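Here are a few notes to read alongside the structure.

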Number of protein chains: 2
Amino acid sequence: MTRRDPINQTDDDARRLARRLIDAARFGALAVNDPGGPAPLVSRVAVAALDSCPHILVSDLSAHSAALVSDPNCALLLGEPGPKGDPLTHPRLTLVAVAGPADKAALRGAWLSRQPKSALWYDFADFRMLRLAPVAVHLNGGFGKAYRLGPDDL
Amino acid sequence: MTRRDPINQTDDDARRLARRLIDAARFGALAVNDPGGPAPLVSRVAVAALDSCPHILVSDLSAHSAALVSDPNCALLLGEPGPKGDPLTHPRLTLVAVAGPADKAALRGAWLSRQPKSALWYDFADFRMLRLAPVAVHLNGGFGKAYRLGPDDL
């Protein structure tokens, strides 16, 4: 089998798809570097795009929060398959990012309009909001539809 | 707010839930160490438990395959939320694992009985099967239901 470069040229369709996946996401899979071991960790987190940038609401009691304090480099998989169809042909993206502090009090209304169920724990002292500043995006729109995007493409 | 250890004592219910999540998984979020950057990568992969151990079918053209050649330490998030309910209360687990080679030809029937759609690409030369040998399991059965399991608990 002859190999080819599997990455396509980024175009406006790819940019729109990435934007749509980020804006629609309500949860995702967050990968962090585990300070206690050689493997990364990956866990489910609540997500909302606020001011166009993914934010996450995490508990200080969680392993991913502790890991992000140690190393803010992370990656977030967005684009959850629906109940039908092949999950591996469903569009998704990996956002490589750096996690930084966000103003939880100021973002309360914006977050809860996207994530109303988290009103139950939003104000808990151990929950903090983090902003995931994009470094790169690996977009997979399905087989043969792979793209690499930069922050400016979003 | 007083902190407490969020990890519960492992019991048979926790072991059964972990076993059930692993056996039921058809896809998951795989986190790997990126040899090209400081952040881990996370991507969606096809999964099937064969001989009780999660296996993945991945293309050599993918970024996660290249990363696993460089470093086989990885983590796999299993337990996908359904279309209803709160994704953050849906049970899931993170399997910390070491990826190793599996016999793709010998596992063909077992894999395709779980993943019939992958018959389209199973025999492609650039697709390989990897076995994810468990190192540890972080089980999250919902709020307040966190457990740590070892390989012997599975």
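1. Let's start with Arg15(B), which counts as partly exposed because its relative accessibility is 27%. The cut-offs are these: buried means under 20% relative accessible area, exposed over 50%, and partly exposed in between, using a 1.4 Å probe and protein chains only. Asp153(B) is partly exposed too, at 21%.

2. Before going on, bear in mind that this is a predicted model: local features need pLDDT of at least 70 and side-chain atom pairs count only at pLDDT 80 or more, while totals for chains, interfaces and linings use all residues. Residues are numbered from 1 along each chain as its sequence is written, chains are lettered from A and ligands numbered from 1 in the order in which they are written, and side-chain values use heavy atoms, with hydrogens and water left out.

3. What do the side chains of Arg15(B) and Asp153(B) meet in? They form a salt bridge, at 2.7 Å from N to O; the term means a side-chain nitrogen of Lys or Arg within 4 Å of a carboxyl oxygen of Asp or Glu. Arg15(B) sits in helix α1 (residues 12-24) of chain B and Asp153(B) in the segment after β8 (146-149), so the pair ties together parts 138 residues apart in sequence. Helices (H or I, at least four residues) and strands (E, at least two) are DSSP runs, numbered from the N terminus.

4. Now for chain A. Arg15(A) and Asp153(A) also meet in a salt bridge, 2.7 Å from N to O. This pair links distant parts of the chain, with Arg15(A) in helix α1 and Asp153(A) in the segment after β7, 138 residues apart. Arg15(A) has a second salt-bridge partner in Asp12(A), again at 2.7 Å. Those two both lie in α1(A), three residues apart, or about one turn of the helix. Arg15(A) is partly exposed at 27%, and Asp12(A) is partly exposed at 47%. Shared partners join Asp12(A), Arg15(A) and Asp153(A) into one network.

5. A look at the helix itself: α1(A) has 13 residues and reaches 18 Å from first C-alpha to last, close to the 18 Å expected at 1.5 Å a residue (that is, 1.5 Å times one less than the number of residues). Its buried residues include Ala14(A), Leu17(A) and Ile22(A). The buried residues of α1(A) pack against β2, β3 (53-59), β4, β5, β6 and β7 (146-149) of chain A, with contact meaning heavy atoms within 4.5 Å.

6. Next, where the chains meet. The contact takes 47 residues from chain A and 48 from chain B. About 3700 Å² is buried between them, with carbon and sulfur atoms giving 69%; buried area is the accessible area (1.4 Å probe) that two parts lose on being put together, summed over both. On the chain A side, Pro40(A), Val42(A) and Arg44(A) lose the most area to chain B, together 20% of what that side buries.
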